[in-house]
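Here is a short report on one structure. Sequence and coordinates come first, then the notes.

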Amino acid sequence: MTSVLKRTMAKYLHRGYRFALYDCGALTQSLYLAGTALDLDTCVVGGIYDDELSRFLGVNSVEEPAQLAFLVGPRSSGCDPEGNPAS
Ligand SMILES: Cc1cc2nc3c(=O)[nH]c(=O)nc-3n(C[C@H](O)[C@H](O)[C@H](O)COP(=O)(O)O)c2cc1C
């Protein structure tokens, strides 16, 4: 997940940076909800290698910084959706 800072800051000036982070939080919540609805396992990760991820995505890390990674995969058999061990 990246933020195109020029877009939000053109409209909201320095407050735009804050709003870009709010957007990441709102999008993260939507991804969690969608993943849960599709019975997938999901996890947000902020501990990313910024430069490597930006290179992988082909974005300029200053103009469009990577903010988060969001992992999606098949639901593991380890836990049920409430986190209880699977029987
Ligand atoms: C914005 C954000 C960033 C996160 N970054 C990391 C991270 O870099 N590494 C990590 O282990 N957990 C990170 N977490 C926590 C995990 O996403 C997850 O919530 C946590 O591992 C607990 O998962 P569980 O309730 O399924 O055990 C982050 C959570 C949030 C909300």
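## Strand 2 and Leu-71

Leu-71 lies in strand 2 (residues 69-74). Strands (E, at least two residues) and helices (H or I, at least four) are DSSP runs, numbered from the N terminus. The model is predicted: local features need pLDDT of at least 70, side-chain atom pairs count only at pLDDT 80 or more, and totals for chains, interfaces and linings use all residues. Residues are numbered from 1 along each chain as its sequence is written.

Leu-71 is exposed, with 12 other C-beta atoms within 10 Å. The cut-offs are 20 or more for buried, 12 or fewer for exposed, and partly exposed in between, with C-beta atoms placed from the backbone. Leaving aside neighbours within four places in sequence, Leu-71 contacts Thr-42, Cys-43 and Val-45. Contact means C-beta atoms, placed from the backbone, within 7 Å. Leu-71 and Val-44 sit 27 residues apart in sequence, yet 6.2 Å apart in space, C-alpha to C-alpha.

## Helices 1 and 2

The axes of helix 1 (residues 5-12) and helix 2 (residues 15-37) come within 7 Å and cross at roughly 130°. That makes helix 1 oblique to helix 2. Angles under 35 degrees count as roughly parallel, over 145 as roughly antiparallel, 65 to 115 as roughly perpendicular, and the rest as oblique. Axes are lines fitted to C-alpha atoms, for helices over the stretch in contact, with angles from 0 to 180 degrees between N-to-C directions.

Leu-13 follows helix 1, with a positive phi near 55°.

Technical notes
Contact = placed C-beta atoms within 7 Å.
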